[in-house]
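This report describes the surroundings of a ligand and the aromatic contacts of a protein chain. The sequence and structure are shown first.

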Amino acid sequence: MAKAAETTVPEVGLDEIVALCKRRGFIFPSSEIYGGIGSTYDYGHYGVLLRNNVKGEWWRAMIGERDDIVALDSAILQHPRVWEASGHLEGFTDPLVDCRTCKLRFRANKLEDAQCGRKPSKHPGEFAECELTDAREFNLMFETHVGPVKDTASVAYLRPETAQGIFINFKNVLQFARKKPPFGIAQIGKSFRNEITTGNFIFRTREFEQMEMEYFVPPDEAPQWHQFWMDARLRWYTDLGIRADNLTLRAHGPDELSHYSSATSDIEYLFPMGWSELEGIANRGDFDLTQHAQASGEKLEYFDPESGEAYVPHVIEPAAGVDRAMLAFMVDAYDTEEVEGRRRTLLRLHPRLAPVKAAVLPLVSKDGMPERARETYREVRAHVPAEYDEGGSIGKRYRRQDEIGTPWGITVDGQTMEDGTVTLRDRDTLEQERVPAEGLGDRLAAKLAEPWRPPKLD
Ligand code: ATP
């Protein structure tokens with residue numbers, strides 16, 4: 001695994017990813033017809049499919065391949081006392097400074113990433129006229145009101161993390177899931193943070209999706225489970241095609257730890273803007289269950305029938321962002337190459353992540369080929385997500401599929417009409433094989449289940 005200090009240079013700029021996302025309808029700036037609203041994005045067709053695949057792979061790793069984790073989907077709006085007990089009302093803050101000259105506000109610990117409002121481009125505090133205030137704490141939770149009256153009694157918050165919904169359901173799950181520590185509760189859902197320094201496309205937005213799992217363990221087993229989940233989560237990214245040299249594990253220093261954490265390590269990825277957090281793996285100790293037990297008066301503990309004693313489990317939390325993971329998968333997969341004098345751009349995505357697995361293309365729109373291709377398409381899509389495309393030249397259609405990361409292209413041509421075979425084109429090697437159209441769906445489903453290695457490693 002590479003060390004953050006030996007920074008390798010990112011291969012692709014964020015601008016290229018943003019352009020591809022727009023060109024192929026993965027992601028659009030939100031409210032674009034009204035001029036956009038900062039750092040908010042809408043996901044188009046392929047964006048939705050890729051995101052769903054990222055989430056599906058996470059569910060597969062958490063639930064499909066284990067039997068000690070159960071799923072939960074808790075509400076975004078929760079009782080305001082949840083956030084009091086969790087420490088978010090008091091401690092979920094960023095230190096901010098204001099500039100009295102340009103009237104802008106910046107994160108005090110990220111001045112080097114911020115841009116002063118004046119030109120030429122400089123960081124806050126670098127112009128002689130800059131007048132920065134002392135840092136003040138600013139809460140990142142979005143506040144809203146529940147019910148028709150806007151008074152202090154009706155204040156509620158949009159959740160800034162999905163984890164608390166899990167802790168407040170600990171007792172329900174323990175009762176109904178018939179689990180005992182070590183066991184986990186997993187959840188995927190939207191979270192909201194009034195981030196001050198947004199930017200870098202979907203890396204940091206105010207509305208985003210998290211994939212969090214709280215793993216409840218006997219207290220003396222917490223360190224070993226922390227290590228277990230760090231290893232397991234790193235493996236998840238490499239198994240899905242991120243090259244190990246672009247990932248690193250970085251332990252938080254004592255001054256960086258969140259208010260609830262006794263140890264946290266971040267999985268960092270070499271994003272186009274440099275090494276940045278992809279996922280955090282925290283040892284939350286018994287902080288959350290103890291806080292909620294005290295504030296609610298409910299006992300949040302596990303009674304161990306073997307020892308005859310009750311204890312408060314400790315919690316290991318792998319917390320990932322769907323959007324950040326999607327960005328990392330796209331960045332790692334992005335490639336361009338020269339083929340027969342033409343430049344092609346492609347996403348070398350793991351086939352399981354690819355939005356579409358197979359594209360069925362008639363060579364030309366005549367001589368019965370579209371009808372024959374539609375037949376093959378119907379057979380293939382019963383087994384794997386597929387697309388049919390007959391518009392434009394075959395080269396143009398392949399380029400489109402390359403850019404959305406489709407691993408297999410199937411072309412129906414003159415020979416198909418004679419002997420029932422089609423060409424099967426590999427996105428990465430560009431090799432074309434002649435195979436029977438019959439049974440192609442089965443064949444591709446089997447290929448999808450095969451182990452896969454990032455072609456950039458070869
Ligand atoms: P950062 O230091 O980047 O603000 P964090 O340490 O506050 O992140 P956590 O609270 O650990 O983040 O959240 C877990 C994961 O949720 C992060 O690793 C990231 O993938 C994702 N995440 C957090 N904040 C955002 C955001 N504003 N936009 C997109 N994803 C986010």
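How many nonpolar, polar and charged residues does the shell around the ligand have? By class, the shell has five nonpolar, four polar and six charged residues; Ala, Val, Leu, Ile, Met, Phe, Trp, Tyr, Cys and Pro count as nonpolar, Asp, Glu, Lys and Arg as charged, and the others, Gly among them, as polar.

The model is predicted: local features need pLDDT of at least 70 and side-chain atom pairs pLDDT 80 or more, whereas totals for chains, interfaces and linings use all residues. Residues are numbered from 1 along each chain as its sequence is written, and side-chain values use heavy atoms, without hydrogens and water.

**Ligand site**

The ligand is surrounded by 15 residues, the closest being E195, R204, T205, E277 and L278; a residue counts as near if one of its heavy atoms lies within 4 Å. Polar contacts (pairs of N or O atoms within 3.5 Å) are listed below.

| Residue and atom | Ligand atom | Distance |
|---|---|---|
| F203, polar backbone atom | nitrogen | 3.5 Å |
| Q210, polar side-chain atom | oxygen | 3.2 Å |
| R324, polar side-chain atom | oxygen | 3.0 Å |

On its own the ligand has 590 Å² of accessible area, of which the protein covers 85% (Shrake-Rupley method, 1.4 Å probe). Strands β10, β13 (274–285) and β16 (314–321) are the elements that give two or more residues to the shell, and β13 provides the largest share, four residues. Strands are DSSP runs of E with at least two residues, and helices are runs of H or I with at least four, numbered from the N terminus.

**Aromatic contacts**

The structure holds 18 aromatic pairs, in which ring centres of Phe, Tyr or Trp (its six-membered ring) lie within 6.5 Å; planes over 60 degrees apart count as edge-to-face. Y215 is buried at 0% relative accessible area, and W229 is buried at 3% (buried means under 20%, with a 1.4 Å probe and protein chains only).

Y269 and F271 also pair edge-to-face, at 5.0 Å and 85°. Y269 is buried at 1% relative accessibility, as is F271 at 0%.

R51 lies over the face of Y43, 4.2 Å from the ring centre, and the charged end of R233 is 4.4 Å from the ring centre of W236.

Key: Phe/Tyr/Trp six-rings, centres within 6.5 Å; stacked < 30°, edge-to-face > 60°. Buried < 20%, exposed > 50% of the residue type's maximum accessible area, 1.4 Å probe, protein only. Lys NZ or Arg CZ within 6 Å of the ring centre and 35° of its normal. Polar contact = N/O pair within 3.5 Å; in protein donor to acceptor, adjacent residues only side chain to side chain.
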